[in-house]
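Student: I would like to learn how to read a protein model step by step. Could you take me through a few features, giving the idea before the case?

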Amino acid sequence: MRVSKKSDYKIHKVFIDPTGRHSLISLTNGVNYYLHASDSSAQEVRKLKGTVIQSVAWNKYTTTATSTGHLLIGTDDARIFELRIDDKKVRAWKLVYELSADGSTSGRGSLPISGLQLEIFPGCDVHAHYE
């Protein structure tokens, strides 16, 4: 698998969805890649540029062979984004939460979002997402 032509970039973390079809690769320099299991090379996700991904919560109910479904991304600067990739293209990208260093929701924080979990409650629409 080829991620980048530049050898000085280091992989920070790799996130693989529960089906094993979709992967997000975060580099230490804030460049991120998407890799589908059927591909031999990853493609840059430009919407994520400058973002170091610390955690990913995959929605196991909406992931398909061609779509990641709506997932949550936690960053090193205390932000949570919603992302969806369909047919290897970003279809949704939105900031849904930002935590500051003092615990409020105003301004970027200095603590990373190191863990996320996505759960669907009984009676809720599994295809619902933040809007």
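This is a predicted model: local features need pLDDT of at least 70, side-chain atom pairs count only at pLDDT 80 or more; totals for chains, interfaces and linings use all residues.

Student: Let me begin with a strand: is β5 mostly covered or mostly open, and how many of its residues are buried?

Tutor: A residue counts as buried when its relative accessible area is under 20%. Strand β5, which spans residues 53–57, is mostly covered, since five of its five residues are buried.

Student: Which strand does β5 pair with, and in which sense?

Tutor: The partner is strand β6, residues 71–75, and the two run in the antiparallel sense with four bridges between them. To find the pairing on the screen, look for Ala 57, which stands opposite Leu 72 in β6.

Student: Now to charged residues: how many salt bridges are there?

Tutor: The general idea is that side chains of opposite charge can pair when their charged atoms come close. In this model the count comes to five salt bridges. One of them joins the side chains of Asp 39 and Lys 88, with 3.0 Å from N to O.

Student: Why does the pair of Asp 39 and Lys 88 tie together parts that are apart in sequence?

Tutor: Asp 39 lies in the loop between β3 and β4, whereas Lys 88 lies in the loop between β7 and β8, so the pair ties together parts that are 49 residues apart in sequence. Asp 39 is partly exposed at 27% relative accessibility, and Lys 88 is partly exposed as well, at 32%.

Student: Are Asp 77 and Arg 79 buried or exposed?

Tutor: Asp 77 is buried at 14% relative accessibility, and Arg 79 is buried at 9%; these two residues form a salt bridge whose closest N and O atoms are 3.0 Å apart. In the salt bridge of Arg 84 with Asp 86 the closest N and O atoms are 2.7 Å apart, and here Arg 84 is partly exposed at 21%, while Asp 86 is buried at 16%.

Student: Finally, which rings form the aromatic pair, and why is the pair stacked?

Tutor: Planes under 30 degrees apart count as stacked. The structure holds one aromatic pair: the rings of Phe 81 and Trp 93 have their centres 4.2 Å apart and their planes at 10°, so the pair is stacked. Phe 81 lies in strand β7 and Trp 93 in strand β8, so the pair ties together parts that are 12 residues apart in sequence. Phe 81 is buried at 6% relative accessibility, but Trp 93 is partly exposed at 24%.

Conventions: Residues are numbered from 1 along each chain as its sequence is written. Side-chain values use heavy atoms; hydrogens and water are left out. Buried means under 20% relative accessible area, exposed over 50%, partly exposed in between (1.4 Å probe, protein chains only). Two strands pair if DSSP finds at least two bridges between them. A salt bridge is a side-chain nitrogen of Lys or Arg within 4 Å of a carboxyl oxygen of Asp or Glu. Rings of Phe, Tyr and Trp (its six-membered ring) pair if their centres lie within 6.5 Å; planes under 30 degrees apart count as stacked, over 60 as edge-to-face and the rest as tilted.
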